[in-house]
Amino acid sequence: MRISKAAFLFLFLLSSVKGDILGDYIRTDGVWILTRNKQSYKTNNEKECAEKCEAERNFNCRAFLFTRKKLQCLTLAENAKMSVMFASMDAVLYEKRIYLLECKRGTGKDYRGTEAKTWRGIPCQKWAEKIPHKPNYTPQKHPNAGLEENYCRNPDGDENGPWCYTTDPATRYDYCNIPECEDQITHTGEGPTAECMQCNGEDYHGEVSRTESGLQCQHWDSQEPHMHGFTLKHYPEKDLKMNYCRNPDGELRPWCFTTSPTKRWEYCKIPRCTTHPPVSGPGSQCLSGKGEDYRGRIAITESGNACQHWNTQLPHKHGWIPDRYPCKGLEENYCRNPDGEKRPWCYTINSSVRWEYCTIPPCDGREQESADVPIQVPLTEECYRGKGQSYRGTTSITASGKKCQAWNSMFPHRHEKTPDKFPDADLRDNYCRNPDGDNRPWCFTTDPNTLWEYCNLEKCDDQTQEPIPNDSPATMAQDISPTTRTTSG
């Protein structure tokens with residue numbers, strides 16, 4: 001039998017993907033999950049840890065954790081869908097794609113999702129049980145069929161897809177309602193709905209609306225099941241239409257909030273375009289707009305701290321690695337704006353100052369011969385008097401080094417400390433402020449696990465009494481103490 005060129009290409013691509021063991025996993029940086037069923041190993045890298053997961057015989061390995069600092073490998077019987085997840089800077093979580101897919105490919109013989117009821121809504125019987133139905137297909141007879149718990153499976157390759165024995169004595173078995181996985185078609189990148197991406201997909205305008213595990217995307221204009229601040233009002237230029245996958249915040253690739261209450265967000269599977277991105281020239285040597293296209297060589301912050309090199313992790317560990325963001329111009333230790341900040345910035349070599357903005361000369365039509373020379377400008381007073389209610393500086397980082405959330409944003413924390421409710425508190429951008437009479441300036445943080453923190457500010461030496469903002473009684477009535485500050489108040 002002759003193999004067609006298309007079939008040969010498919011087999012070649014399949015074998016190429018299978019060549020990288022990590023290609024079968026979905027990676028999430030900076031997280032940890034709690035699980036009791038695990039095994040610990042000493043490995044040199046993630047690939048060796050993946051090999052331990054594949055060879056695990058103590059349990060069915062669904063994921064593994066790898067810590068860069070200790071080179072520790074933990075193989076896990078559970079993934080993030082089945083356990084509690086929390087932040088851990090040094091850890092990387094790898095989850096097997098097959099156990100995250102909530103859709104089926106073909107007949108769904110490889111479906112390993114957690115759907116456990118029939119299309120009529122009848123709960124499934126556990127595969128290992130014999131009541132109310134004595135099963136022909138059991139975990140003992142078919143150890144490779146994924147017959148766990150009472151999840152829908154297709155151990156016999158039924159052409160109608162995954163099924164299960166039911167808990168209804170009158171119905172021996174029935175099929176499950178598992179959606180088809182969306183096919184991703186690679187185009188050349190031409191046209192407004194091309195289903196491929198350049199760089200990190202910030203220019204992606206296609207119509208894929210499922211995550212890489214098959215979950216349906218939540219509409220951007222909806223706050224259910226997940227509240228967020230990525231709306232057309234706040235991001236009018238990011239094309240947040242319908243529930244299409246987008247990359248409004250400079251992530252690794254397009255993503256979306258999901259319609260699953262247990263999975264807040266996930267990356268989408270958007271193929272890379274086969275054509276190279278258009279060459280945009282050397283980039284601007286001066287500040288225009290937010291400076292996202294700035295490619296000059298200033299490497300010092302506005303307070304005089306030297307910048308840390310982007311390809312190093314000392315003194316500050318970070319995720320802006322040049323190889324991951326090939327179109328962001330992360331060269332040497334030059335000031336850049338890879339994440340849509342107000343202006344270019346950098347991590348500093350000062351271990352006590354994680355990052356700061358840089359002073360870039362503006363583009364005003366004149367020649368910028370001195371574009372590479374840092375210009376020192378007077379800084380807004382970066383200390384506070386009294387409780388700091390009159391503080392109007394531009395510090396936007398907390399005492400522990402976390403970045404502040406913008407006051408008019410509801411992501412990642414929903415709150416009521418908004419500029420319209422506190423008009424006299426100067427709640428601009430994400431600057432540290434004290435709108436509610438706390439002990440000192442504070443802010444909500446961009447860390448989903450930390451609601452708020454006090455800011456990295458010192459008290460001024462001058463002991464002049466601070467003027468108290470003229471808040472109305474109605475405004476003051478909304479204030480709450482720092483010990484009871486929540487996302488709803």
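Helices (H or I, at least four residues) and strands (E, at least two) are DSSP runs, numbered from the N terminus. By that definition Met 227 lies in the loop between strand 7 (173-175) and strand 8 (255-257). The model is a predicted one, in which local features need pLDDT of at least 70 and side-chain atom pairs count only at pLDDT 80 or more, while totals for chains, interfaces and linings use all residues. Residues are numbered from 1 along each chain as its sequence is written, and side-chain values use heavy atoms, with hydrogens and water left out.

**The chain as a whole**

The chain contains three helices and 15 strands. Of its 489 residues, 45% are buried, where buried means under 20% relative accessible area, exposed means over 50%, and partly exposed lies in between (1.4 Å probe, protein chains only). The accessible surface, computed by the Shrake-Rupley method with a 1.4 Å probe, is about 25900 Å² for the chain, and carbon and sulfur atoms account for 52% of that surface. Contact means heavy atoms within 4.5 Å; among contacts between residues at least 6 apart in sequence, 62% join residues at least 24 apart.

Five strands, in the order 1-5-3-4-2, make up an open sheet with antiparallel pairing, two strands being paired if DSSP finds at least two bridges between them. At the edges are strand 1 (25-33) and strand 2 (38-42), each of which pairs on one side only. From one strand to the next the twist averages 25°, with axes taken as lines fitted to C-alpha atoms, for helices over the stretch in contact, and angles running from 0 to 180 degrees between N-to-C directions. Within this sheet, strand 3 (residues 63-67) and strand 5 (residues 85-96) are joined in the antiparallel sense by five bridges, and Leu 65 has Leu 93 in strand 5 as its bridge partner. Helix 2 (residues 46-55) packs on the sheet and touches strand 1, strand 2, strand 3, strand 4 (72-76) and strand 5, its direction making about 150° with that of strand 3.

**Aromatic rings and charges**

In the whole structure a search finds 27 aromatic pairs, where rings of Phe, Tyr and Trp (its six-membered ring) pair if their centres lie within 6.5 Å, and planes under 30 degrees apart count as stacked, over 60 as edge-to-face and the rest as tilted. Two of the pairs are set out here.

| Pair | Centre to centre | Angle between planes | Arrangement |
|---|---|---|---|
| Phe 230 and Tyr 235 | 4.9 Å | 25° | stacked |
| Trp 345 and Trp 355 | 5.6 Å | 70° | edge-to-face |

Phe 230 is buried, at 3% relative accessible area, whereas Tyr 235 is partly exposed, at 23%. Both residues belong to one aromatic cluster, together with Trp 220, Trp 255, Phe 257, Trp 265 and Tyr 267. Trp 345 and Trp 355 are both buried.

A charge sits over a ring if NZ of Lys or CZ of Arg is within 6 Å of the ring centre and within 35 degrees of the ring normal. Arg 253 lies in this way over the face of Tyr 267, 4.2 Å from the ring centre, and the charged end of Lys 403 sits over the ring of Trp 355, at 6.0 Å from its centre.

**Met 227 and its surroundings**

Met 227 is partly exposed, with a relative accessible area of 41%. Apart from neighbours within four places in sequence, Met 227 is in contact with Arg 264 and Arg 414. Met 227 and His 413, although 186 residues apart in sequence, are 8.4 Å apart in space, C-alpha to C-alpha.
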